[in-house]
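Have the model open as you read.

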Amino acid sequence: MATILRDLSYRYQWLYDAIAHLSSLTVGGENQFRQLALQDLIICSDTKILDLCCGSGQATKFLVNNSQQVIGLDASPLSLQRAKHNVPQANYVQALAEKIPFSENEFDLVHT
């Protein structure tokens, strides 16, 4: 997301949602956009997935449909609070993407 809108979109969920919706129109809408990255992947219920920069869980809700081991990571406490509310099936960690608090090779799949 453009840097100029990042802080505002973290503060105002409606703005984040509007930007995500508009930017996904060219591929058939947000549902189609969120599933594009998952096409042709073999994901089992025990596949360990890290949703890097998960925001308020827009993609996380698709990931939990495929796996019971999804962890969302984001730097914004407000976004994580919304993610926990929107997608309670996942676990969440507050951290910067540049300083992931996990060991190497801990995940089978990283989504961003």
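## Starting at S56

S56 counts as buried, because its relative accessibility is 3% (buried means under 20% relative accessible area, exposed over 50%, and partly exposed in between, with a 1.4 Å probe and protein chains only). One thing to keep in mind is that this is a predicted model, where local features need pLDDT of at least 70, side-chain atom pairs count only at pLDDT 80 or more, and totals for chains, interfaces and linings use all residues. Residues are numbered from 1 along each chain as its sequence is written, and side-chain values use heavy atoms, with hydrogens and water left out.

S56 sits in the loop between β1 and α4. Helices (H or I, at least four residues) and strands (E, at least two) are DSSP runs, numbered from the N terminus. What does S56 touch, not counting residues up to four places away in sequence? The list is Q13, S79, R82, A83 and N86, where contact means heavy atoms within 4.5 Å.

L78 is partly exposed, since its relative accessibility is 31%. Leaving aside neighbours within four places in sequence, L78 is in contact with Y10 and R11.

## The parallel strands

Strand β1 covers residues 48-52, and four of its five residues are buried. β2 is mostly covered too, with five of its six residues buried. How many bridges join β1 to β2? Five, and the two strands run parallel; strands count as paired if DSSP finds at least two bridges between them.

## Two nonpolar cores

The largest nonpolar core has 14 residues, and I49, V70 and Y92 touch the most other members. A core here is a set of buried Ala, Val, Leu, Ile, Met, Phe, Trp, Tyr and Cys residues joined through side-chain atoms within 4.5 Å. Which elements give two or more residues to this core? They are α4 (60-63) and α5 (77-86).

Y92 is worth a click: leaving aside neighbours within four places in sequence, Y92 is in contact with C54, T60, G72, L80, A83, K84 and V87. A second, separate core has six residues, including I71, L73, A95 and F107.

In helix α2 (residues 13-23), the buried residues are Q13, L15, Y16 and A20. Seen down the axis of α2, these fall within an arc of 165°, so they line one face of the helix (the arc is that of the directions from the helix axis to the C-beta atoms). W14 and L22 are exposed, on the other side of α2. Q13 also turns up among the residues that S56 touches.

## Domains and annotation

The protein is divided into domain 1 (1-37) and domain 2 (40-111), with bounds that come from an automatic or database domain assignment. The C-alpha centres of the two domains lie 17 Å apart. Twelve residues of domain 1 are in contact with eleven residues of domain 2.

L41 is found in the loop between α3 (30-36) and β1. L41 is partly exposed, because its relative accessible area is 40%. The C-alpha atoms of L41 and N91 are 22 Å apart, and the two residues are 50 residues apart along the chain.

The UniProt record, an unreviewed entry, carries the annotation "domain: Methyltransferase" over residues 49-111; UniProt positions are given in the numbering used here, feature names are shortened, and annotations may be inferred rather than shown by experiment. Over residues 49-111 the chain is 22% helix and 27% strand, and the end C-alpha atoms are 7 Å apart.
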